[in-house]
Amino acid sequence: MEKYEQLLISLRRVIRAIDIHSRQLNKQSGLTGPQLMVMHSIAMFDSPLAKEIAKEVSLSPATVTTIIDRLEKRGLVIRKRSETDKRKVHLSLSEAGVTLLQASPKPLQDHFITRYQNLEEWEQSQLLSSVERIAAMMDANELDAAPVLLVGQIQAEE
């Protein structure tokens, strides 16, 4: 087997592992990965704006707005217009949103991050460099991506 075939098989395994976890996450919580990520970010801040959440989760403001729209329709997120600046809309989780967030499973990346951080510094740098090169070879440098292990969900949100 050629080395490029071995690499493609490994990449496919990574994609499948992420896909399987994303499906389990959706089945257990009823949320997509990006929805869960946005809810976690809203919970971390005191009445954030959508643009602050977009920056925090490394997704476009349009994508985050679409996610917030869906979460609001489900009664999980509350939008409230600022008293001092009517152009600003602050976000918070509803009681149902807080409850659902507390019951949601841990993201796959938590497990990954722990293992990654247990590697030697040089191994971390080598992995990062290799994966960044793979992304460049796949013309994926400009794709909208967040530091969360998901597959297929971000596009579905738009």
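This is a predicted model: local features need pLDDT of at least 70, side-chain atom pairs count only at pLDDT 80 or more; totals for chains, interfaces and linings use all residues.
Me: In which loop is Ser47 found?

Reply: Residues are numbered from 1 along each chain as its sequence is written, and side-chain values use heavy atoms, with hydrogens and water left out. Helices (DSSP runs of H or I, at least four residues) and strands (E, at least two) are numbered from the N terminus. On that numbering, the loop that holds Ser47 is the one between helix 2 and helix 3.

Me: Nice. What is phi of Ser47?

Reply: Most residues other than glycine have a negative phi. Ser47 is a serine with a positive value, and it is partly exposed at a relative accessible area of 33% (buried is under 20%, exposed over 50%, partly exposed in between, with a 1.4 Å probe and protein chains only). Its phi is near 50°.

Me: And what is phi of Ser58?

Reply: Ser58 lies in the loop between helix 3 and helix 4 (61-73). It is partly exposed, with a relative accessible area of 35%. This residue other than glycine also has a positive phi, near 60°.

Me: At what angle do the axes of helix 2 and helix 3 cross?

Reply: Axes are lines fitted to C-alpha atoms, for helices over the stretch in contact, and angles run from 0 to 180 degrees between N-to-C directions. The axes of helix 2 (residues 33-44) and helix 3 (residues 50-57) come within 10 Å. They cross at roughly 115°.

Me: Which residues make that contact between helix 2 and helix 3?

Reply: Contact means heavy atoms within 4.5 Å. By class there are six nonpolar, one polar and one charged residues (Ala, Val, Leu, Ile, Met, Phe, Trp, Tyr, Cys and Pro count as nonpolar, Asp, Glu, Lys and Arg as charged, and the others, Gly among them, as polar). Helix 3 gives Ile53, Glu56 and Val57, and helix 2 gives Met37, Val38, Ser41, Ile42 and Met44.

Me: Staying in helix 2, how far apart are the C-alpha atoms of Pro34 and Thr63?

Reply: Pro34 has its place in helix 2 and counts as buried at 0% relative accessibility. Thr63 is 29 residues apart from Pro34 along the chain. Their C-alpha atoms are separated by 9.3 Å.

Me: Within what arc do the buried residues of helix 5 fall?

Reply: In helix 5 (residues 95-103) the buried residues are Gly97, Leu100 and Leu101. They line one face of the helix, as seen down its axis, with the arc being that of the directions from the helix axis to the C-beta atoms. These residues pack against helix 1 (3-29), helix 2 and strand 2 (89-93), while the face turned away carries the exposed Glu95, Thr99, Gln102 and Ala103.

Me: Which residues form the aromatic pair that is stacked?

Reply: Rings of Phe, Tyr and Trp (its six-membered ring) pair if their centres lie within 6.5 Å; planes under 30 degrees apart count as stacked, over 60 as edge-to-face and the rest as tilted. The count comes to one pair, at 5.9 Å centre to centre and 15° between the planes.

Me: Finally, what share of the chain's residues is buried?

Reply: The chain has eight helices and two strands, in the pattern α-α-α-α-β-β-α-α-α-α. Of its 158 residues, the buried share is 31%.
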